[in-house]
Amino acid sequence: MPPWQPLQASTVSASAIPRPLFYGRGIHKIYPMGEITVQALRDVDVDIYEGEFLVILGASGSGKSTLLNILGGLDLPSQGEVWFRDWDLSHADDAALTRFRRYHIGFVFQFYNLIPSLTAQENIALVTELAPDPMHPREALERVGLGDRCDHFPAQLSGGEQQRVAIARAIAKRPEVLLCDEPTGALDFSTGKRVLEVLESVNREFGTTVAVITHNAGIAAMADRVITMRSGQITHIDRNAHKARPSELEW
Ligand SMILES: Nc1ncnc2c1ncn2[C@@H]1O[C@H](COP(=O)(O)OP(=O)(O)OP(=O)(O)O)[C@@H](O)[C@H]1O
């Protein structure tokens, strides 16, 4: 990692602030679209710390998914630098990014992307077969409260249960980071809260760094820190003095 400077001026000396797990500076992302270009990210500086629960909040089109995809090694910035520990993600080739995703990152998306013809535990086994030190698929399902649904097919599970299988699939390879793109976007209020409880317990019990992107401001209260985005830029970074439990959230 290059010499690191904390983002915000602080009364605490820089050496007392932990080095971030992710370190991004001057990130731009431009999509050429024929005659015009779309600037999805403009000069974004971001730090993500080990073990934190981060919420990235912003309206549709503000650049949240673009930023998450770059941090997760699914996409490259057009300009700027992105580091994960000592890995320079901004200059990594496809093979290096695939290794990075495989060994370090679990993804959870709004739509669960389960294979309909496979049972819950078979969906998870597809991932754990490639991982160096995975959980047993049954254990991962127990972690999300679905130990009794191992042999159910996705169509036999509710939306919230399918999302919990997707979370079990993401945590089964014991990633250091869980990146979640609108994980409750397709769920009703109480089912969404159950999914957030699972993400909170993964963060608390395993120490997994969790980043959740959402347009739902009600979710921000459960985070350690909240990054707010607008028009491809970070407009605020706030730390919650008190973290709400998922059961206390309202939206
Ligand atoms: N592959 C792409 N090609 C062209 N433009 C893109 C592409 N991906 C994103 N964009 C544009 O970049 C901007 C940021 O999109 P992004 O998906 O990151 O926003 P978002 O905050 O995640 O929105 P949402 O909450 O609707 O998912 C938008 O204007 C979007 O249309």
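**The ligand shell and what lies beyond it**

Analyst: By type, the residues of the shell around the ligand fall into 4 nonpolar, 8 polar and 1 charged. The model is a predicted one, and every value here is computed from it. The ligand is surrounded by 13 residues, and the closest are Y31, A40, S60, S65 and T66. Three elements each supply at least two residues of this shell: strand 1, strand 2 and helix 1 (64-71). Helix 1 contributes the most, with 3 residues.

Two of these elements belong together. Strand 1 (residues 22-33) pairs with strand 2 (residues 36-48) in the antiparallel sense, over 9 bridges. In one of the pairings, K29 has L41 of strand 2 as its bridge partner.

An open sheet is formed by 6 strands in the order 6-7-8-3-9-10, with mixed pairing. Strand 6 (105-108) and strand 10 (233-239) are at the edges; each has a single partner strand, so one side of each is left without a neighbour in the sheet. On average, neighbouring strands of this sheet are turned by 15 degrees against each other, direction ignored.

Within this order, strand 3 (residues 53-58) and strand 8 (residues 209-214) run parallel and are joined by 5 bridges. F53 has V210 of strand 8 as its bridge partner. Helix 6 (residues 189-206) packs on the sheet, where it touches strand 3, strand 7 (177-181) and strand 8. The direction of helix 6 makes about 155 degrees with that of strand 8.

In soluble globular proteins, nonpolar side chains tend to be buried together. Here the largest nonpolar core has 59 residues, and the ones that touch the most other members are I56, A168, L178, L199 and A211. Helix 5 (residues 159-171) gives the most to this core, with 6 residues. For A168, leaving aside neighbours within four places in sequence, the contacts are I124, A140, L141, R143, V144 and L146.

Notes: Residues numbered from 1 in each chain as written. Predicted model: local features only at pLDDT ≥ 70, side-chain atom pairs only at ≥ 80, totals over all residues. Pairing = 2+ DSSP bridges. Helix = DSSP H or I, 4+ residues; strand = E, 2+ residues; numbered from the N terminus. Near = placed C-beta within 6 Å. Nonpolar A, V, L, I, M, F, W, Y, C, P; charged D, E, K, R; others polar. Axes fitted to C-alpha atoms, helices over the stretch in contact; angles between N-to-C directions. Contact = placed C-beta atoms within 7 Å. Core = buried A, V, L, I, M, F, W, Y, C linked by C-beta atoms within 7 Å. Buried ≥ 20, exposed ≤ 12 C-beta atoms within 10 Å, placed from the backbone.
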